[in-house]
Amino acid sequence: MSISSKHDAPVRSGRMFEASGGVRLHLAEAGDPDAPPMLLLHGFPEFWGAWQDLMPRLAAGGRRVVAPDQRGYNLSDKPAGVDAYGVRPLTADVVALVDALNAEAGADRDPSRRCVLVAHDWGGAIGWNVAIRHPDKLSRFVILNAPHPWKFWKGLRDDPAQQAASEYMNWLRRPGCEKPLAADGFKLLERFFLGMEGAPWFTPEVRAAYHAAWGQPGALESMVNWYRASPLHPPLPQDAPSGAAAFELDPAQFVVRVPTLVLWGERDHALLPPLAEGLDRFVPDLRLHRLPDCSHWLAHERPDEIAGHILDFCAVRP
């Protein structure tokens, strides 16, 4: 499959990559295969097409751009069981792909050609973990509306406003939520995009592409298994501590030693603005850019502006 673009870099999809444990990830790609790599990680309830508008723009800026369907999504493999969607196997998938891209780029000989990791939402949750645990594999790290893990844990544990904003996570963890998500032509899933204000970017063509991804056999169960496998969710109304209240995190274990750009849409109703505050405690080399008129779906809403910020950040020398 090839998608043409006015930005001159067609997007090609269809290649499969064997990641951790033999799980195969479907890839979309754009740009010169010999250019330094940039890996894009989507979130929920997306698929690689979440990056479709950005990919030609980033490729035109001199990058080899790769966007997988993450484990459980769209055309990638969907292993059975909740445990297959824990942070360790999800991180291992991304590390395997980063290693392959770095090897093909000759990053061992030229560290400036190491992969740039760009991540959004759930992709950002895994991206933060890769940047924290494997900083030597990346040249740059870019986050779009995905909270730092310690900040998110603290917000879910202590902030009533963030707990309320994230309550949908507990609903998605419930057995059988796949059925209402699929009902009435995926009406509930569409509401993640449309919210109360609508989404002009959610055109009939984009809608059809998302419906095709959500309708892949086993996709909905695998997608919500990401939530079921995670201990990070609002506490439940029960006597014993649960969710983020059931454990402690040491902030010293969550320092990011990779130059990092955070792009934050401030009209995000699920991830509230305080999550983007105080990040310099965890990211010594931080650039934070707030977008007051953007929602959680900033890559869809402002592809030219978002691509420009990313390419400008990548052009800065260490």
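Questions about a predicted model

Biologist: Why is Ala212 called partly exposed?

Modeller: Its relative accessible area is 43%. Buried means under 20% and exposed means over 50%. A value of 43% lies between those cut-offs, so Ala212 is partly exposed. All of this refers to a predicted model.

Biologist: Where is Ala212, and how far is Ala212 from Asn74 in sequence and in space?

Modeller: Ala212 belongs to helix 8, which covers residues 204–214. Along the sequence, 138 residues separate Ala212 from Asn74. In space their C-alpha atoms are 7.9 Å apart.

Biologist: What makes Cys115 count as buried?

Modeller: Cys115 has a relative accessibility of 0%. The cut-off for buried is under 20%, so Cys115 is buried. Cys115 is part of strand 6, residues 115–120.

Biologist: Which residues does Cys115 touch, leaving out those up to four places away in sequence?

Modeller: Among them are Pro37, Met38, Leu39, Val98 and Leu101. Lys137, Leu138, Ser139 and Arg140 are also included.

Biologist: How do you know whether Ala131 is buried or exposed?

Modeller: The relative accessible area of Ala131 is 0%. That is under 20%, so Ala131 is buried. Ala131 sits in helix 3. Leaving out residues up to four places away in sequence, Ala131 touches Leu138, Phe141, Val256 and Val258. Tyr85 is 46 residues from Ala131 along the chain, and 19 Å separates their C-alpha atoms.

Biologist: Why are helix 2 and helix 3 called roughly perpendicular?

Modeller: The two helices pack at an angle of about 70°. Angles of 65 to 115 degrees count as roughly perpendicular. The angle of helix 2 with helix 3 falls in that range, so the pair is roughly perpendicular. Their axes are 9 Å apart.

Biologist: Which residues make the contact of helix 2 with helix 3?

Modeller: Helix 2 contributes Val87, Leu90, Thr91, Val94 and Val95. Helix 3 contributes Ile126, Asn129 and Val130. Sorted by class, the contact has 6 nonpolar and 2 polar residues, and no charged ones.

Biologist: What makes helix 9 largely enclosed by the rest of the structure?

Modeller: Helix 9 has 11 residues, and 9 of them are buried, so helix 9 is described as largely enclosed. The buried residues include Ala219, Leu220, Trp226, Tyr227 and Arg228. They pack against helix 2, helix 3, helix 6, helix 7 and helix 8.

Biologist: Which residues of the largest pocket's lining are closest to its centre?

Modeller: The volume of the largest pocket is about 1,300 Å³. Of its 50 lining residues, Asp121, Tyr168, Met169, Tyr227 and Ala270 are the closest to the centre. By class, the lining has 35 nonpolar, 8 polar and 7 charged residues.

Biologist: Which helix gives the most to the lining of the largest pocket?

Modeller: Helix 3 does, with 8 residues. The helices that each supply at least two residues include helix 2 (87–105), helix 4 (149–158) and helix 6 (167–172).

Biologist: What are the phi values of Asp184 and Phe186?

Modeller: Phi is positive at about 55° for Asp184, which is not a glycine. For Phe186, also a residue other than glycine, phi is positive and near 60°. Most residues other than glycine have a negative phi.

Biologist: Which residues does a cis peptide bond join?

Modeller: The cis bond joins Phe44 and Pro45, with omega about -5°. Most peptide bonds are trans. Pro45 is in the loop between strand 4 (37–41) and helix 1 (54–60).

Key
Residues numbered from 1 in each chain as written. Predicted model: local features only at pLDDT ≥ 70, side-chain atom pairs only at ≥ 80, totals over all residues. Heavy atoms only, no water. 1 Å grid on protein atoms, 1.4 Å probe; cavity = no way out; pocket = protein on both sides within 12 Å on 5 of 7 lines; lining within 4 Å. Points joined across faces, edges and corners; volume = space filled by probe spheres on them. Helix = DSSP H or I, 4+ residues; strand = E, 2+ residues; numbered from the N terminus. Nonpolar A, V, L, I, M, F, W, Y, C, P; charged D, E, K, R; others polar. Axes fitted to C-alpha atoms, helices over the stretch in contact; angles between N-to-C directions. Parallel < 35°, antiparallel > 145°, perpendicular 65-115°, else oblique. Contact = heavy atoms within 4.5 Å. Buried < 20%, exposed > 50% of the residue type's maximum accessible area, 1.4 Å probe, protein only.
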